[in-house]
Amino acid sequence: MEIDRAIRESDDRRLKTKYNNAIYVIQRALALYPIEEVAFSFNGGKDSTVLLHLLRAGYFLHKEEQSRSNGDLMDREFTCPIRTIYFESSSAFPEINSFTYETASTYGLQLDIIRLDFKAGLEALLNSKPIRAIFLGVRIGDPTAVGQEQFSPSSPGWPPFMRVNPILDWSYRDVWAFLLTCKVQYCSLYDQGYTSIGSIYDTVPNALLCIGNSSSSKEEFRPAFLLSDGRLERAGRVKKFSPPVCGHFPAVSNGPNSVDSHHSGTLTASVIAVGDEILFGNVEDQLGPLICRKLHSIGWTVSQTAVIQNDIDSVADEVERLRSTTDMVYIYGGVGPLHSDVSLAGVAKAFGVRLAPDEEFEEHIRHLIGDHCTGHRNEMAQLPEGITELLHHEKLPVPLIKCQNVIILSATNVTELDKQWDCLIELTKSTGLLILTEPFVSKRLTTNLSDVETAQPLSKLCLEFPDLYIGCYRKSRLGPLIISFEGKDQARIESAAESLCKKFHPGAFSEIN
Ligand SMILES: Cc1cc2nc3c(=O)[nH]c(=O)nc-3n(C[C@H](O)[C@H](O)[C@H](O)COP(=O)(O)O)c2cc1C
Ligand SMILES: Nc1ncnc2c1ncn2[C@@H]1O[C@H](COP(=O)(O)OP(=O)(O)OP(=O)(O)O)[C@@H](O)[C@H]1O
Ligand SMILES: [Mg+2]
């Protein structure tokens, strides 16, 4: 088999190791699932082209092994009968389309063209075919690889199948070493400076490959395999994430201490705790309520708090939802190097970017943990690429992390949170990082009047004071009722409290702290 031979004859030891590992994953998948139950997701891109040839080699070696144990002879005219799926879209490059069709015909692939979006297309496919596993050319640097392993079940909400990623750990260099060593065809766009290909709307040639040619008006580009720093593979991709939602305040101010005292103009925040231990009931969350109080003290309203399990997709879904419905999201828990520390990966996934090593952050971690740090692959130094701002403060051993309107707090207890918060506020005062507004003030009254007696006057009071939050709660079903007034104007709060008292007999209410 020519692919297997080309790699065996090569003296690139790293490539051989990567190849052997990928073949091992493919053979394990083929041992687990009959060939009719697997599919190959092929889109003419370089990664899926690598995977195509690995699958051809892996299937050949798998059959060879079977023939040897049965004592049969191998068919010399060998083709890999794997079902191949291509999600064709009108925004694909014509070069990608034609390369996909030609390659399928060259290698005798059964090509299923799907013209629906990925999820709907997979649902339709799985309803009509007995497919249980799908091979993908996803690599660790891809935004969609966040949280994936070589065998990863499809995400919650997707039809059920196993995603098999044989080249997950391959680098950009490995991909090109393979394609060039095996001398296989790849899409012509890669010879024109494209290094990673999405749609015609979000992909341009990689500027790092541009040949400065002032005499000609047309820019020229070197081929993709000459890109020396694979981390910049996606530099030709136009960023997809959108600016903060319309109708909301900008999460970042133009200047510090801007004041906004209108109820309707209050900035809203949300708070996400990541922790299975909280959901199991083993640990009581103390940081969430504290963050709410702190936000209140700078005039922000907290509209939602959530406790999420330590799972990348759950974190990503929640961050994605809250970052577009509130002005600022605070997330804590799940930050660090442990298997359960998935918060940064979740944030990256929510923004559709990958986690990438951050040298500056690594330097801080290295300083903090000294000799225990294991070189440049320190996993704690991986941050969401292109959207991360490190917030330095001399009192903090490690900077705080901000990804657009999401602030990631590493505090694990109240004392640490107090410190991080104070630093955040100091930074805000000097740099205008957040908007500090008039703080909320509150007043609480307690009464032994019944709910029936208080309900109607309270409803009226809410209509009279729409700029205040008027809430009621009790600490026990039969205990006194507590009425709280929250707002930014002390005088308004006093007059609301007075107005309520006037509706009842003197002494019906008393103030509590
Ligand atoms: C065969 C196949 C399976 C996929 N399975 C999942 C999945 O389980 N979960 C998920 O969030 N996305 C899944 N996706 C979508 C990809 O993660 C990603 O959104 C897609 O490749 C588009 O990438 P792009 O936005 O860079 O073009 C799948 C895509 C394909 C082609
Ligand atoms: N339209 C599609 N049809 C079928 N499979 C797809 C499609 N888009 C993506 N995939 C699958 O997802 C994998 C990852 O896509 P990705 O764009 O990162 O890689 P690629 O297209 O192979 O190479 P490149 O990074 O150069 O674009 C592909 O290798 C392929 O398995
Ligand atoms: Mg691609």
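Close-up 1. Tyrosine 101 is partly exposed, with a relative accessible area of 35%, where partly exposed is the class between buried (under 20%) and exposed (over 50%), computed with a 1.4 Å probe and protein chains only. The model is predicted, so that local features need pLDDT of at least 70 and side-chain atom pairs count only at pLDDT 80 or more, whereas totals for chains, interfaces and linings use all residues. Residues are numbered from 1 along each chain as its sequence is written, and side-chain values use heavy atoms, with hydrogens and water left out. A search of the whole structure finds 12 aromatic pairs, a pair being two rings of Phe, Tyr or Trp (its six-membered ring) with centres within 6.5 Å, called stacked if the planes are under 30 degrees apart, edge-to-face if over 60 and tilted otherwise. The rings of tyrosine 86 and tyrosine 101 are edge-to-face because their planes stand at 85 degrees, with the centres 6.4 Å apart. This pair links distant parts of the chain, 15 residues apart, since tyrosine 86 belongs to strand S2 (residues 83-87) and tyrosine 101 to helix H4 (residues 94-106); helices (H or I, at least four residues) and strands (E, at least two) are DSSP runs numbered from the N terminus. Tyrosine 86 is buried, at a relative accessible area of 2%.

**Close-up 2. The aromatic pair of tryptophan 176 and tyrosine 186.** With ring centres 4.9 Å apart and planes at 85 degrees, tryptophan 176 and tyrosine 186 form an edge-to-face pair. Tryptophan 176 lies in helix H6 (residues 172-181), and tyrosine 186 in the loop between H6 and strand S7 (210-211), 10 residues apart. Both of these residues, tryptophan 176 and tyrosine 186, are buried. Together with Tyr190 and Phe225, Trp176 and Tyr186 form one aromatic cluster.

**Close-up 3. Lysine 183 in the loop between H6 and S7.** Lysine 183, a residue other than glycine, has a positive phi, near 50 degrees. Lysine 183 is exposed, with a relative accessible area of 74%.

**Close-up 4. Glutamine 404 between two strands.** Glutamine 404 is placed in the loop between strand S15 (400-403) and strand S16 (406-409). Although glutamine 404 is not a glycine, its phi is positive, at about 50 degrees. The relative accessible area of glutamine 404 is 26%, which means that this residue is partly exposed.

**Close-up 5. Lysine 488 over a ring.** Lysine 488 lies over the face of phenylalanine 440, at 5.0 Å from the ring centre; the criterion is NZ of Lys or CZ of Arg within 6 Å of the ring centre and within 35 degrees of the ring normal.

Notes: Chains lettered and ligands numbered in written order.
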